[in-house]
Amino acid sequence: MAASSGPAGVGGAGPSGFAFDSGLEIKTRSVEQTLLPLVSQITTLINHKDNTKKSDKTLQAIQRVGQAVNLAVGRFVKVGEAIANENWDLKEEINVACIEAKQAGETIAALTDISSLNHPESDGQITIFTDKTGVIKAARLLLSSVTKVLLLADRVVIKQIITSRNKVLATMERLEKVNSFQEFVQIFSQFGNEMVEFAHLTGDRQNDLKDEKKKAKMAAARAVLEKCTMMLLTASKTCLRHPNCESAHKNKEGVFERMKVALDKVIEIVTDCKPSGETDISSVSIFTGIKELKMNIEALRENLYFQSKENLSATLEVILERTEDFTDSAYTSHEHRERILELSTQTRLELQQLISVWIQTQSKKTQSIAEELELTVLKFSHSLNELKKELHSTATQLAADLLKYHADHVVLKALKLTGVEGNLEGLAEYACKLSEQKEQLVEICRLLRHISGTEPLEITCMHAEETFQVTGQQIISAAETLTLHPSSKIAKENLDVFCEAWESQIGDMSTLLREINDVFEGRRGEKYGYLSLPKPMKNNANLKSLKPDKLDSEEQAKIAKLGLKLGLLTSDANCEIKKWEDQENEIVQNGRNMSSMAYSLYLFTRGEGPLKTSQDLIHQLEVFAEEGLKLASSVQVFSKQLKDDDKLMLLLEINKLIPLCHQLQTITKTPLQNQVFLKIDKCIIKTRSMMAILVQLLSLCYKLLRKLQMENNRWVSVTNKDSVDGKT
């Protein structure tokens with residue numbers, strides 16, 4: 001396999017509960033699984049000491065290891081031959097490598113066959129004790145042949161993804177030229193199936209990537225394709241309904257163009273081929289620049305001639321020049337701007353002092369001057385850290401304020417209203433406001449990229465920036481189409497889809513902001529509960545895992561569609577959770593846990609996340625149902641504080657949730673042999689219904705809590721006033 005990728009992620013199957021292709025995924029994963037014990041066993045043989053006493057126990061152990069190696073090679077060769085039979089263009093190369101592996105395995109088995117050493121006739125037998133070099137040569141040949149097969153299997157995977165991409169592109173070209181609804185429906189059905197296949201192939205590949213930067217790029221490209229698939233449907237239908245509408249065509253062309261770019265990006269990642277002129281994004285990040293400068297400065301302790309003073313000064317000037325993105329921003333407060341400028345000046349002075357002492361140290365080399373150099377290094381590092389803190393504080397505070405300000409999506413609601421009213425003047429006004437909002441968000445994404453702290457988060461910031469830039473324009477063109485055709489249901493649906501994408505990206509920005517803060521504060525990787533799988537039970541021998549069932553194209557499309565809707569509901573729930581001031585409230589905690597588990601299920605439909613098999617999914621759903629019942633209990637406790645009318649509203653929602661929880665528990669415990677899809681389909685539908693109620697409950701409880709607090713505050717005010725009046 002390529003260095004950046006493991007061999008496992010190959011077939012079109014996302015979760016291994018689905019068998020989406022001919023079994024290549026299972027075969028190549030078997031290759032990797034057999035490789036690991038081989039390496040361990042071969043190492044044991046090579047490290048065996050010649051002077052070890054040849055007791056019966058030692059001889060038996062060596063023989064067992066040799067036999068185990070040979071058996072593992074046999075399994076490996078079978079897998080390799082199966083891959084070869086399915087890929088005629090690589091069959092000869094794979095078979096040659098398999099023959100070499102088989103020969104090496106047999107040699108190792110022969111050299112470790114020491115069962116007859118205790119017999120007189122075995123004096124001339126060649127064994128590991130008499131020919132250790134032979135074992136080493138056989139081990140090298142074995143590992144070389146294994147590596148060849150893995151690299152060839154990787155080529156098969158890459159070819160699969162490229163072929164799938166080409167099929168998608170060809171169908172997209174047909175969709176662009178279609179002129180009738182009937183023809184469009186037929187072609188889009190085919191396109192949907194091809195996109196599901198491509199999504200699962202790339203999902204497996206993403207999971208196997210070892211390079212976090214590539215993984216983030218793949219995730220961004222796949223997110224674009226997923227969201228654009230729904231946009232393409234409504235934008236194309238709008239064009240067919242209103243063929244002479246210029247804004248509708250502009251809207252549709254934007255979707256097609258973005259999807260093509262994302263498809264090309266996936267192939268760049270998979271083939272590891274950068275287009276000419278692409279620059280490394282790490283060069284534009286302030287935090288990356290600060291990290292590299294600190295490393296170079298600290299290296300002076302070991303080597304006074306490691307860097308030139310000109311290089312250090314130039315590096316700092318580049319960093320300070322980039323801080324102008326913060327100081328020149330119209331959204332940066334006066335206090336933050338002044339503090340950044342002050343720290344920039346101080347850091348520049350500290351470097352000048354450091355260089356001065358450094359030059360003296362090169363010539364004098366006394367104890368006192370060495371101590372002074374150490375002190376100036378510490379002072380300069382402290383100044384850089386202070387600048388870093390200020391930039392982080394500026395960007396995150398701006399982002400938090402902006403996201404909070406736009407949380408109600410007032411402009412989007414206004415655009416929808418002006419559209420159905422056919423109000424062109426209103427459209428112009430709110431389109432201008434959305435453009436302003438878009439510019440604000442784009443600038444915030446650029447600032448966050450500077451302080452993100454890791455390359456994957458930088459890539460996520462760039463993806464967010466591009467999404468706001470493109471989606472903002474598409475919302476305006478969709479709104480214009482609706483305004484020109486205010487009675488058009490499809491034009492209204494199209495605008496709704498683009499607005500949902502915008503709202504979803506706002507929700508993703510909140511998650512991104514939290515992750516950036518986690519990295520900055522050293523909490524990287526910390527997650528809320530239930531994001532990982534529930535712990536397996538000790539006595540689970542009676543649990544039969546569901547067998548992988550091959551899904552047809554219609555089933556694949558349905559699973560993907562259900563998963564997409566579930567993902568949107570998760571985003572809605574997270575938006576409601578963020579409104580609560582008290583994040584430790586039991587209702588919020590229950591809601592957050594349910595949202596996290598629902599998101600894992602959504603990732604499962606895309607072939608990502610911690611849920612790898614259908615049995616993992618069932619375990620997670622059991623816990624999800626339990627959490628739903630806990631939420632119902634928490635809401636019931638809260639309802640006791642409310643008046644009768646408000647209490648009744650809450651109880652009506654709870655009475656919808658509790659039966660769904662019990663129904664989901666029943667489904668998860670009901671065995672459905674050879675009907676994996678049916679069971680998963682039912683579970684996703686129930687989960688989606690529960691998430692819809694969760695969103696309603698979170699919103700309703702928040703409003704009722706605010707109302708209760710206001711009434712309590714009013715009562716306290718009146719009581720205090722009466723008390724004062726009484727004293728008077």
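A: A helix here is a DSSP run of H or I at least four residues long, and helices are numbered from the N terminus. The model is predicted, and its secondary structure comprises 21 helices and zero strands.

Lysine 630 pairs with glutamate 627, with 4.0 Å between the closest N and O atoms. Both belong to helix α19 (residues 614-639), and because they are three residues apart, about one helical turn separates them. An α-helix has 3.6 residues a turn, so residues three or four places apart point the same way. Buried means under 20% relative accessible area; glutamate 627, at 2%, is therefore buried, whereas lysine 630, at 44%, is partly exposed.

Arginine 446 and glutamate 465 form a salt bridge, 3.0 Å from N to O. Arginine 446 is in helix α14 (residues 424-451) and glutamate 465 in helix α15 (residues 455-484), so the pair ties together parts 19 residues apart in sequence. Glutamate 465 is buried at 14% relative accessible area, while arginine 446 is partly exposed at 38%.

Glutamate 93 and arginine 155 also form a salt bridge, their closest N and O atoms being 3.9 Å apart. Since glutamate 93 lies in helix α3 (residues 91-111) and arginine 155 in helix α4 (residues 132-177), this pair ties together parts 62 residues apart in sequence. Glutamate 93 is partly exposed, at 41% relative accessibility, and arginine 155 is partly exposed at 45%.

Finally, a network of salt bridges links Arg339, Glu342, Glu386 and Lys389.

Technical notes: Residues numbered from 1 in each chain as written. Predicted model: local features only at pLDDT ≥ 70, side-chain atom pairs only at ≥ 80, totals over all residues. Heavy atoms only, no water. Helix = DSSP H or I, 4+ residues; strand = E, 2+ residues; numbered from the N terminus. Salt bridge = Lys/Arg side-chain N within 4 Å of Asp/Glu carboxyl O. Buried < 20%, exposed > 50% of the residue type's maximum accessible area, 1.4 Å probe, protein only.
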